[in-house]
Amino acid sequence: MQAYLELCNVGIEFNTGSGPFRALQQVNLKIAKGEFISLIGHSGCGKSTVLNIVAGLYSATEGGVILDGREIAGPGPDRAVVFQNHALLPWLSVYENVALGVQQVFRGQKTRAEMREWVEHHLELVHISHARDKRPHEISGGMKQRVGIARCLAMQPKVLLMDEPFGALDALTRAHLQDSLMEIHASLGTTVIMITHDVDEAVLLSDRIVMMSNGPAATIGEIMPVTLPRPRKRLALAEDPDFVHARQQVLQFLYDKHKFPGAAAA
Amino acid sequence: MNTLLSPTNHHDPREQRMSEILDKAANDTVNDTVQTLTKRADANPQPATAVSTPATWRYHAWTLPAQARRILRNLSLSITGVLVFVLLWQSAASHIDTSLGQFPGPAQVVSQIGNLTREYQQDQQRKADFYARQEARNAQLLSADPNAEVRIRPYTGRPTFPRQILTSLTTVAFGFALAMLVAIPLGILCGLSENLYSAVNPIIQLFKPVSPLAWLPLVTMVVSALYIAENPMFEKSFVTSAITVALCCLWPTVINTTVGVAGVDKDLINVSRVIGLPPHTHIWKIVLPSAIPLIFTGMRLSLATGWMVLIAAEMLAQNPGLGKFIWDEFQNGSSDSLSRIMVAVMVIGLIGLILDRLMLALQRRVSWDKQTVLR
């Protein structure tokens with residue numbers, strides 16, 4: 001497999017008040033271009049830490065991450081992050097929130113008019129053009145997250161990193177956004193790493209599901225490919241034996257092989 | 001009756017009719033009472049229109065929206081508070097005898113406001129006369145000899161009360177602006193860099209509690225030594241007072257700006273890092289907007305401190321503002337002095353209040369979050 005993004009022996013240790021804390025060790029993962037990867041695991045297993053290392057927000061104590069032939073050092077717009085609580089700037093309108101990144105990334109490459117068109121195209125892509133002049137506090141949680149996704153996509157990242165993007169949304173809104181995300185992934189072919197707690201979501205969206213063992217010193221437990229053909233239809237899949245089987249396997253990993261950290265300790 | 005007649009209950013048609021009936025009854029009762037009263041006061045019969053006034057007023061009072069009623073209630077409470085204060089002041093003042101006569105009550109203060117206004121008008125008149133005389137003389141000279149050298153001398157009268165208020169305001173504005181030019185950038189830097197904050201914090205904590213009076217002799221000597229100019233743009237006393245004000249009102253803004261900048265949401269900072277915003281854009285687009293509420297809190301505290309400090313500074317530095325007015329009146333020791341000082345006290349309070357409201361209005365304009373309650 002041709003690796004587009006590669007994590008080699010990644011490990012990280014945090015300095016805490018009570019001495020060093022090893023969060024991750026020996027994380028190895030190869031991701032192909034255009035692949036959709038889900039990271040799943042119990043709370044505190046270091047999923048977010050992996051994502052933050054790929055984003056460059058944390059730097060690994062050992063090992064490294066190679067993206068498109070280059071080792072990453074520090075954060076950058078080629079690895080855009082969708083945050084769980086959307087992290088929109090409340091003092092900017094929807095349009096301005098997306099434009100902020102565009103103006104920075106395409107400085108000197110696009111004219112003003114081109115940038116405006118680019119921003120509007122991405123607002124259209126996530127279906128929020130109608131709210132372009134609204135402030136974040138005036139729109140719903142689902143719409144905020146759409147803006148968060150648009151902001152990332154508009155920076156034309158090599159990898160889209162999503163940290164439990166739909167965790168804070170109600171089930172219906174989440175389903176809508178998952179469908180939108182599948183559409184976008186199909187049309188743009190973006191490489192995506194998504195953290196989730198939701199087994200159905202992981203199976204529905206992913207090409208591979210990366211299941212993590214419990215921390216401390218967490219690592220990758222199993223990697224499960226999801227071979228369901230695309231485009232995937234939520235309703236049709238609900239009774240599809242492959243879907244049910246995949247779901248079953250993930251659940252088994254989470255609740256049988258790697259119980260909750262508390263239960264494991266006891 | 002109150003609840004039945006309140007406007008919010010008018011949705012139910014039965015209730016509405018009920019309330020109309022009750023309203024009519026209420027109006028009729030009022031009309032009846034007023035008419036009986038008018039009948040009794042035969043010598044001075046009221047016209048019919050006047051009779052209906054209380055009734056309509058009552059009707060509107062019931063139907064006023066809740067907000068208007070709240071405003072009315074607050075207003076009436078404020079007025080009551082002021083009235084009670086004035087009464088207490090009056091009764092206390094009449095029991096205090098000083099070597100400069102009785103402590104001024106509200107009446108003396110009001111009459112002094114009149115005196116001060118008159119003095120100002122007289123001074124304006126003198127000033128106008130002074131210039132008119134000069135111009136007349138110059139015209140005369142020019143008509144006798146077209147090449148004559150003429151000039152107008154500036155008027156040099158004793159500063160009047162409004163003039164002194166103006167001086168105080170300029171001084172505080174100057175000192176405050178000076179302080180803000182240092183405090184806001186310093187606060188931003190301290191908020192961004194924990195190391196710088198650790199380095200600067202002891203100095204802030206050390207100088208924060210220092211009284212303006214302690215600074216003043218030092219500032220005076222430094223200004224006299226360093227501020228030497230042929231034609232100085234500002235008086236030395238003005239510079240001294242302004243710098244003292246600045247030294248005292250730096251701290252609240254520095255501290256609040258630091259806290260505001262250090263408290264920017266971690267996720268927003270990560271957004272900025274991911275986008276790769278350069279430092280100036282990061283500060284302008286992310287840090288400043290989220291720190292604005294606390295920066296303004298600091299600025300309001302600073303301005304209030306500055307205005308308080310100014311009066312003391314002016315007394316000692318002899319800057320011709322409100323502080324000097326009070327000092328001069330105190331030294332003068334006439335029977336009017338205390339009431340004139342009391343006028344100055346009131347004016348100082350009023351201006352302090354206005355300055356704070358102006359800052360609040362500015363904050364409302366600048367802040368992105370129009371929903372927060374600012375008080």
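A: Let's begin with a word on names: helices (H or I, at least four residues) and strands (E, at least two) are runs assigned by DSSP and numbered from the N terminus. Residue numbers start at 1 along each chain as its sequence is written, while chains get letters from A and ligands numbers from 1, in the order they are written. Keep in mind that this is a predicted model, where local features need pLDDT of at least 70 and side-chain atom pairs count only at pLDDT 80 or more, though totals for chains, interfaces and linings use all residues.

Is Val102(A) buried or exposed? A residue is buried if 20 or more other C-beta atoms lie within 10 Å of its own, exposed if 12 or fewer, and partly exposed in between, with the C-beta atoms placed from the backbone. Val102(A) has 22 C-beta neighbours inside 10 Å, so it counts as buried.

Who does it touch? Two residues are in contact if their C-beta atoms, placed from the backbone, lie within 7 Å. Setting aside neighbours within four places in sequence, Val102(A) is in contact with Met115(A), Trp118(A), Val119(A), Ala154(A) and Met155(A). For a sense of scale, take Thr227(A): it is 125 residues from Val102(A) in sequence, and their C-alpha atoms are 35 Å apart in space.

Helix H2 (residues 94-105) of chain A packs with helix H4 (residues 141-153) of chain A; their axes come within 8 Å and cross at roughly 25 degrees. The axes here are lines fitted to C-alpha atoms, for helices over the stretch in contact, and angles run from 0 to 180 degrees between N-to-C directions. Angles under 35 degrees count as roughly parallel, over 145 as roughly antiparallel, 65 to 115 as roughly perpendicular and the rest as oblique. H2(A) and H4(A) are therefore roughly parallel to each other. The crossing of H2(A) past H4(A) is right-handed, a label used when the near helix is turned clockwise from the far one by less than a right angle, with anticlockwise giving left-handed.

At that meeting point, H2(A) brings Val94(A), Asn97(A), Val98(A) and Gly101(A), and H4(A) brings Val147(A), Ala150(A) and Arg151(A). Sorted by class, this contact has four nonpolar, two polar and one charged residues. Here Ala, Val, Leu, Ile, Met, Phe, Trp, Tyr, Cys and Pro count as nonpolar, Asp, Glu, Lys and Arg as charged, and the others, Gly among them, as polar.

Two strands pair if DSSP finds at least two bridges between them. Six strands of chain A make an open sheet in the order E6-E7-E8-E3-E9-E10, with mixed pairing. Strand E6 (79-82) and strand E10 (220-225) of chain A are at the edges with a single partner strand each, so each has one side without a neighbour in the sheet. On average, neighbouring strands of this sheet are turned by 20 degrees against each other, direction ignored.

Within it, strand E1 (residues 5-16) and strand E2 (residues 19-31) of chain A run antiparallel, joined by nine bridges. E1(A) and E2(A) form a hairpin with two residues between them. Along the pair, Leu7(A) has Leu29(A) as its bridge partner in E2(A), and Glu6(A) stands opposite Lys30(A).
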